[in-house]
Amino acid sequence: MNTTPPDACPAWAKLAAHAEGWCDTRLAALFAADPQRGAHCGAHAPGLHLDYSRQRAGALTLRLLAQLAEERGFAEWRRALFDGAPINVTENRAVRHAALRAGDAAPAEVRSALARMRALAAQLAGVRRIVHLGTGGSDLGARLLMDAFRGRARIDVRFAANIDPLDLSRALEDAEPDSTLVVAVSKTFTTAETLANARAARAWLNGRGRMVAVTANEAAARAFGIDEVLPMWDWVGGRFSVWSPASFSALAALGADTFDAFLAGARDMDRHFLDAPLEKNVPVLLALLGVWNVNFLGAATHCVLPYAHALQLLPAYLQQLEMESNGKRVDREGRELGYATAPVVWGAAGTVSQHSFHQLLHQGTPQVACDFIVAGVSAELDANAEAQARALAFGTGDPALPAYRRYPGNRPSSTLRLEWLDARHLGGLLAAYEHKVFTQGVLWNVNSFDQWGVELGKQLAGEILKNQGRA
Ligand code: F6P
């Protein structure tokens, strides 16, 4: 497996030289020279179309980026991912989240966990409220799924992630212990926030209602007093666990068929990621263009703009997925990096975002690369997304306008168009971003599957509380 520094690859130097030619290249000029650019610069995956014509990149750029991926040994790394190899070396763990959605090809333990989730969901007569406790990957995925499809929910699901007791008290508002199911999700069952909320919820239930745990640490959940335990596995990173029992609350509320469709969409994307040539491979293209923007065009932030209110939590989900995975400063060999890795990921639902921070996107000084996500929810939403992407790309060249009214344009964006907004398409979209993150980890030579950067703060908080006699 190639763990050499990417900036020592011949393609890296070629890309750096190639980037200089892009300083003075205008997107408007590219479209004028090639009115079919929108049709050329695209790729299809199941249920999803990527249009990258408004990226500051051309055919040669993509060839060089694909060459970089090849020089990084991308095909071998991808094979290792799908073979479940122990590529999370700092934790000596396999990485097998794709096995969670492999359908009939999934490992027996996964199929049996799915069957148990279904069976448990079928036994919730009388449950009117599910209170889902968990944080990070044990929260964001299930929360996104529920928020996206909450109109179809047959049970009211509320979430509490914060150690601030207000979060749990809001999640319990108007609930009755007898008709409440508390689902405590923690892969480790050691996370302070989740345990504090689980203790408080247990006290609130006061022996009534029910509690279920989802964890890879069954002994700790049982010692806590929870008998119904759904599994997690150490080969699934929290931020890759939306396909697992960590989403039991969503499965219970939305129905097992919806969850199956979600898994099927991801499975289709896995196939595409494995089979499509690099220059037509949507997750790979997202990764390559991301590296191009970050490392060669100097974009330090990446803005995610879902033009579908159902996907309003997508930016928060992707923040953890991208920044906890690739926000790294040393490579797989422990060498300090001389190049940038994950950009700051941010965003909000369009059109709300337009009345908040788009001023900076259009006329601010930072370089921001945007992903517009459109799903045909309404003509107004799609028109606004298109208008924003055009304004960013082409601006206004009118010299008659005063400076403060001019838009410089030439600001890069991609548009991801979902054929439809349902669980299957959301599954495909999230899997595409997962594979983007994996591919960027290969390109940057970082371990995308550990998160040591979160440990020091946890330890210091514990010490501070101990010194105050509170722990
Ligand atoms: O502290 C970071 C983190 O470990 C995330 O990676 C994880 O998703 C979250 O905490 C929750 O962890 P757990 O599921 O073990 O409670």
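Reader: How far is an oxygen atom of the ligand from an N or O atom in the side chain of Thr 188?

Author: Keep in mind that this is a predicted model. For a polar contact, look for a pair of N or O atoms within 3.5 Å. Here the distance between the ligand oxygen and the Thr 188 side-chain atom is 2.6 Å. Gly 137 uses its backbone: a polar atom there is 2.8 Å from an oxygen atom of the ligand.

Reader: How much of the ligand does the protein bury?

Author: Start with the ligand taken alone. It exposes 390 Å². The protein buries 88% of that.

Reader: Which residues around the ligand are the closest?

Author: List the shell, then pick out the closest members. The shell holds 14 residues. Gly 137, Ser 138, Ser 186, Thr 188 and Thr 191 are the closest. Next, sort the shell by class. Ten residues are polar, three are charged and one is nonpolar.

Reader: What kind of space does the ligand take?

Author: Look at the pockets. The ligand takes the space of the largest pocket.

Reader: How many residues of domain 1 and domain 2 are in contact?

Author: Count each side. Domain 1 has 32 residues in contact with 22 of domain 2.

Technical notes
Residues numbered from 1 in each chain as written. Predicted model: local features only at pLDDT ≥ 70, side-chain atom pairs only at ≥ 80, totals over all residues. Heavy atoms only, no water. Near = heavy atom within 4 Å. Polar contact = N/O pair within 3.5 Å; in protein donor to acceptor, adjacent residues only side chain to side chain. Areas by Shrake-Rupley, 256 points an atom, 1.4 Å probe, with all protein chains shown as cover. 1 Å grid on protein atoms, 1.4 Å probe; cavity = no way out; pocket = protein on both sides within 12 Å on 5 of 7 lines; lining within 4 Å. Sits in = over half its atoms within 2 Å of the grid points. Nonpolar A, V, L, I, M, F, W, Y, C, P; charged D, E, K, R; others polar. Contact = heavy atoms within 4.5 Å.
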